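Please look over the sequence and the structure before reading on.

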Amino acid sequence: MLRKLPSAPNWSLLLFALTCFASNSLLCTVALRPGHIDPLSFTSIRLLSGAVMLSLMVWTRNPSSKILSKGDWKSGATLFIYAMAFSLAYVRINAGVGALILFGTVQITMLIWNHYQKTSLNKNETIGLIVAVVGLAWLVIPGASSPDLMGVCLMIIAGLSWGLYSLNGIKAKAPLHLTAGNFGRAAILSLFFIPFSFSNLHLSSQGIETALISGALTSGVAYAIWYTVLPHLKPTLASIVQLAVPVLAAAASILFLGEKSTLTLLFSSAMVLGGIAIVIFGRREKIAAKPIGPA
């Protein structure tokens, strides 16, 4: 599955990056559910600290680089919508449920887009897509264990936004620099909305620290590591390993946040992740476009 047999450090870095991506759901929940910080402030701090960290990494590689020379405002706006909807959703839903909805929506968005832009889906891809969609639908069917509908809608918006953002930058030649530029633009857009939300802003040291960790470490550093390891992976394997993100988020939310797992969540998770796995293994083309990274 690999171009060459990876060293243990490469696998360690890969696991660290995936753990960071999953941790974003937990960090957001820890900061927002108890009210340590408001969603807009969390989003602004996360994007700004992520932009600073990514910019520092770009600068260390090439001190003459201009950070905003890569990326565009369309991608920056899409990234801001993702981050804002992501934060708002976690005020209402649990980390494990949110991670599954986000991941499933991102993958389904990219599959449908590729279907209409390139070629029709084969039998296995069609079956996998249907299974994944049904799995997500099953999760949100009204019932005693169903998550908050508004929270689900917000996370679907976040997933759609991240899917479109990924599609826009999937062929980038300098992904780290591109991500830094887009994070910077998204941070600027988030700051624009602060004057209109003064009455709803509230900050605490714990909320600020959590947002900084989410931006600088589990977003900024994690993306740098992801883009370092990604060239050593074949596209199919790169897609497969991302299946671990919602699983890690769900497991960690149960262990560290005390969230309860339900039969509905387990069944939906199996369908969504299983359906996406069917699509990955059922592709006609063994060499597919590499993903820009997990959300």
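What percentage of the 295 residues of the protein chain count as buried? In this predicted model, the share that counts as buried is 54%. The protein chain holds 11 helices and 0 strands, and its pattern, when read along the sequence, is α-α-α-α-α-α-α-α-α-α-α. Where contacts link residues at least 6 apart in sequence, 91% of them join residues that are at least 24 apart.

Leu 217 belongs to helix 8, which covers residues 205–229. With a relative accessible area of 36%, Leu 217 is partly exposed.

Two packed helices are described by the angle between their axes and the distance between the axes. For helix 4 (residues 95–117) and helix 5 (residues 123–139), the axes come within 10 Å and cross at roughly 145°, and the crossing is left-handed. The residues that make this contact are set out below by helix.

| Helix | Residues making the contact |
|---|---|
| Helix 4 | Val 97, Leu 100, Ile 101, Gly 104, Thr 105, Ile 108, Leu 111 and Ile 112 |
| Helix 5 | Leu 129, Ala 132, Val 133, Leu 136 and Leu 139 |

Conventions. Residues numbered from 1 in each chain as written. Predicted model: local features only at pLDDT ≥ 70, side-chain atom pairs only at ≥ 80, totals over all residues. Heavy atoms only, no water. Helix = DSSP H or I, 4+ residues; strand = E, 2+ residues; numbered from the N terminus. Buried < 20%, exposed > 50% of the residue type's maximum accessible area, 1.4 Å probe, protein only. Contact = heavy atoms within 4.5 Å. Axes fitted to C-alpha atoms, helices over the stretch in contact; angles between N-to-C directions. Left-handed = near helix turned anticlockwise from the far one by under 90°.
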